[in-house]
Structures are given as C-alpha cells and as structure tokens.
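Here is a friendly walk through one structure, taken helix first, then a loop, the cores and the sheet. Please keep the model open as you read.

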Amino acid sequence: MAALKPHFPPVRACLFDMDGLLLDTEDIYTLCNNVILRECNRPDLPWNIKAQLQGRPGPEAGEIFHAWAQLPIPRAEYIRKNTELQRKHFPSAQPLPGVPELLKTLTDKGVHMALATSSHTANFKLKTSHLQKLFKHFPEEQRLLGDDPRIPPGRGKPAPDIYLLALESINIRLRKQGKKEIKREECLVFEDSVPGVEAGRRAGMRVVWCPHPQLLKEYKGREKEVLAGLVNGGGDQQVKEVMEEASVGGEGKGRGWPGRRDDGWAELLKSLEDFPYGRYGIGGN
C-alpha cells in the first residue's frame, strides 16, 4: 500500500455509506435472500454475485440478482417475501466495530459529516429507528438516501452524484453561517462496496475502503484497482459517460474520472477500530 501523499489538505468533512460500513445490514440482506433462495431450491447467494449488488440502488441490484437467481416464482412474490423478511430482521441491525467511537470522535473534533446511502427511506427507518443515538451525528438535512429526488434515475453509485450532493448539503449550511466552503479534496469518503469506492473516486474525494472480509477475499490481488475506482469500468458506454462527465465545466478531476493505481487518494482499512486520524490531518491522534 503506497503512503498517502503528504500534500493533501486536512480532512474537513467525512461522508459515509451505511450498509456494511456503519451497520451490519449487508449480512441481513444476505440472510433474507438465502431464505428465499433455499425455499426455491436455489443455491445460497455467492460473494461473486453479492459483490455486484453492494452499494447499488435497489432497482439496479435487483436486476443483477434476478438475472443470476432465475427464481421459479414471480418477481412480485419475491419482493413480498423479501420485504417481510427485511421488516423482521432490519430492526436488529447493529453498528459495526469501531463505528460509535469513530463518529463520536469526529463530532468532538469538529469534522462535518453527511450520510450517503443507497437505502430508500422506508428501509432506512427500519434499520436506524432503534439507533437514534448513533445517527444523531448526521443532521437530517445531511442525510442523502437512495430515493432522494435530487439523484436522477440511473445516477446511483458508482456514479458520483450522491457524494457530490452530500458535500453540497454541508456547504449549504456553511454558506448560511458565512463560513468557508469545503472542497472535494478536503472530503473523506468511507465505503465498504466496490461501486461506492468508485463513486467516491469519481467525485474527486479521498476514500477509505473498509470491506466485508468475504468481499476482500473476492477481490484479492485486485485491491489497487478497487482503490483507484477502476473495477466497475470497462465497456464503451461507461468510458463515454466518464469522458463526458470529466469535461463538464472543464473540471476533469472530480467530475467523473476514476483514479490511478497507487495514486494515494484511497486506502484499505480492514476495520474502523483505532482509526488513524492524524494521517488525515484530523486532530493530533
């Protein structure tokens, strides 16, 4: 792992994914899907497919799942069964190791924070209603959910829109307070999913990738590609889209470009415990 470049400005804002990063809900998603798969005499969801679902908006993830699963039941029945299982299990979601301490420390150090999750409002409430103390660190207006109308259809992760909007939600408040706005390079994105890492990189922000252990196994040997935001690319249409985004307003970096291997903009952490604040210019720890 290359050392982070020393010329980066101190991090002033941290932008967080939620499922599998703050909460253990990725395992709950797997549990619910496997119940249905077993009922239909289909194999459990493998991690090579699970990896493609993580971080993406529900409709897009659903298309990938059903293309693989080939369930012998109507999709409407699958949705009904899955919704019932999620309503049962999501309220048991718990923070992942190190998360409560990380959020509290960032708050105490005056770091601005926003949430950027592909979860829609209904599921967000199921997952978080019993965790109000944890989510108090994110002001209501700085919570970007998957069904936010400001995110155009088809522009969920790995597109950068949700992270750019999350930063703007912070800057709106700073402008009202007459304070200096935060630049993209002063943001640190926390992600567990591969599409989410790409979204953060294409937003022109630094990224911490903290994946599920099984996901990390799935990408063994390709970690540098993930950190650069290069895994989901490939294919003429996406290349064209990235090129078009990069040309908007003449701002290449941050308008769509992923990164390069070992460019110092992203780091792999296996846990959020004992987070290295000083490495990002956050306090003196």
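## Helix α1 and its surroundings

Let's begin with α1, where Thr25, Glu26, Ile28, Tyr29, Thr30, Cys32, Asn33, Asn34, Ile36 and Leu37 are buried. Buried here means under 20% relative accessible area, with exposed over 50% and partly exposed in between, using a 1.4 Å probe and protein chains only. Those buried residues pack against α2 (47-53), α3 (58-69), α4 (75-89) and α6 (121-128), with contact meaning heavy atoms within 4.5 Å.

This is a predicted model, in which local features need pLDDT of at least 70 and side-chain atom pairs count only at pLDDT 80 or more, while totals for chains, interfaces and linings use all residues. Residues are numbered from 1 along each chain as its sequence is written, and side-chain values use heavy atoms, leaving out hydrogens and water. Helices (H or I, at least four residues) and strands (E, at least two) are DSSP runs numbered from the N terminus.

How far apart are the end C-alpha atoms of α1? They are 22 Å apart, which agrees with the 21 Å that the 15 residues (25-39) should span at 1.5 Å a residue; the expected span is 1.5 Å times one less than the number of residues. Just after α1, Asn41 has a positive phi of about 55°.

## A buried arginine

In the loop between α2 and α3 you will find Arg56. Arg56 is buried, its relative accessible area being 14%. Beyond neighbours within four places in sequence, Arg56 contacts Ala61, Ile64, Ser118, Lys157, Pro158, Pro195 and Asn232.

## Two nonpolar cores

A nonpolar core is a set of buried Ala, Val, Leu, Ile, Met, Phe, Trp, Tyr and Cys residues joined through side-chain atoms within 4.5 Å. The largest has 33 residues, of which Leu15, Tyr163, Met205, Trp209 and Tyr219 touch the most other members. Helix α8 (residues 161-176) gives the most to this core, namely 7 residues. Apart from it lies another core of 30 residues, including Val99, Leu102, Leu106 and Phe138.

## The sheet

Six strands form an open sheet in the order β3-β2-β1-β4-β5-β6, with parallel pairing; strands pair if DSSP finds at least two bridges between them. At the edges stand β3 (143-144) and β6 (266-268), each with a single partner strand, so one side of each has no neighbour in the sheet. Strand β5 (residues 206-209) is joined to β6 by 3 bridges, running parallel, and Val208 stands opposite Glu267 in β6.
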